Amino acid sequence: MLKGWRRKCPNCGKGPLLKGFLKVQDECTVCHEELHHHRADDGPAYLTILIVGHIMMPALHIFFTHYRPEPLVLFTIFALGATLLSLYLLPRIKGAFIAYQWARGLHGFKTR
């Protein structure tokens with residue numbers, strides 16, 4: 001799963017797993033492992049929302065109770081923070097999902 005988190009091929013760990021932001025390569029450019037069988041679907045998005053929510057909500061509460069910023073400032077900071085954190089986490093979580101499926105031989109991946 002660590003190889004997937006780094007967005008590398010789960011087989012060799014060298015080739016890119018994703019092309020673009022979230023599109024999965026059909027096959028690894030280094031070891032030619034077929035990767036098109038994945039079915040991550042909505043799992044990475046749900047997990048990203050769960051993680052971002054659990055990080056941002058306590059931070060929002062602590063920040064608000066200690067500093068009492070203006071509402072627009074608070075909204076801007078936390079909207080930007082949630083967006084950037086989501087954009088950082090989503091491809092990495094999708095890579096980890098695909099690597100987990102590859103390791104378990106799920107959804108068309110050949111078992112070893």
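Modeller: Here are some questions and answers about this structure.

Modeller: This is a predicted model, where local features need pLDDT of at least 70, side-chain atom pairs count only at pLDDT 80 or more, and totals for chains, interfaces and linings use all residues. Residues are numbered from 1 along each chain as its sequence is written, and side-chain values use heavy atoms, with hydrogens and water left out.

Colleague: Where is Leu2, and is Leu2 buried or exposed?

Modeller: Leu2 sits in helix α1; helices are DSSP runs of H or I with at least four residues, strands are E runs of at least two, and both are numbered from the N terminus. Buried means under 20% relative accessible area, exposed means over 50%, and partly exposed is in between (1.4 Å probe, protein chains only). Because its relative accessible area is 60%, Leu2 is exposed.

Colleague: How far apart in space are Leu2 and Ile93?

Modeller: Along the sequence, 91 residues separate Leu2 from Ile93. In space, C-alpha to C-alpha, the figure is 10 Å.

Colleague: Which residues is Lys3 in contact with, leaving aside its neighbours within four places in sequence?

Modeller: Lys3 belongs to helix α1 and is partly exposed, with a relative accessible area of 31%. Contact means heavy atoms within 4.5 Å. With neighbours within four places in sequence set aside, the partners of Lys3 are Lys8, Cys9, Pro10, Asn11, Cys12 and Gly13.

Colleague: Which residues gather in a patch of positive charge on the surface?

Modeller: Patches are made of residues with over 30% relative accessible area and no salt bridge, with like charges joined within 9 Å and nonpolar side chains (Val, Leu, Ile, Met, Phe, Trp, Tyr) within 5 Å. A salt bridge is a side-chain nitrogen of Lys or Arg within 4 Å of a carboxyl oxygen of Asp or Glu. Lys and Arg count as positive, Asp and Glu as negative, while His and the chain ends are not counted; a charge is placed at NZ of Lys, CZ of Arg, CG of Asp or CD of Glu. The positive patch on the surface brings together Lys3, Arg6, Arg7 and Lys8.

Colleague: Why does Arg6 count as partly exposed?

Modeller: Arg6 is in the loop between α1 (2-5) and β1 (18-19). Arg6 counts as partly exposed because its relative accessibility is 45%.

Colleague: What is phi of Arg7 near?

Modeller: Arg7 is also found in the loop between α1 and β1, and is partly exposed at 34% relative accessibility. Its phi is positive, in a residue other than glycine, and lies near 65°.

Colleague: Is Gln25 buried or exposed?

Modeller: Gln25 is in the loop between β2 (23-24) and α2 (43-67). Leaving aside neighbours within four places in sequence, its contacts include Pro16, Leu35 and His36. With 14% relative accessibility, Gln25 counts as buried.

Colleague: Which residues is Pro69 in contact with, beyond its neighbours within four places in sequence?

Modeller: Pro69 is in the loop between α2 and α3, and is buried at a relative accessible area of 19%. Beyond its neighbours within four places in sequence, Pro69 touches Phe63, Phe64 and Leu74.

Colleague: How much accessible area does the nonpolar patch on the surface have?

Modeller: One of its members, Leu87, is in helix α3 and is partly exposed at 45%. Accessible areas come from the Shrake-Rupley method with a 1.4 Å probe, and for residues only the protein chains shown count as cover. Together, Phe21, Leu80, Leu84 and Leu87 have about 390 Å².
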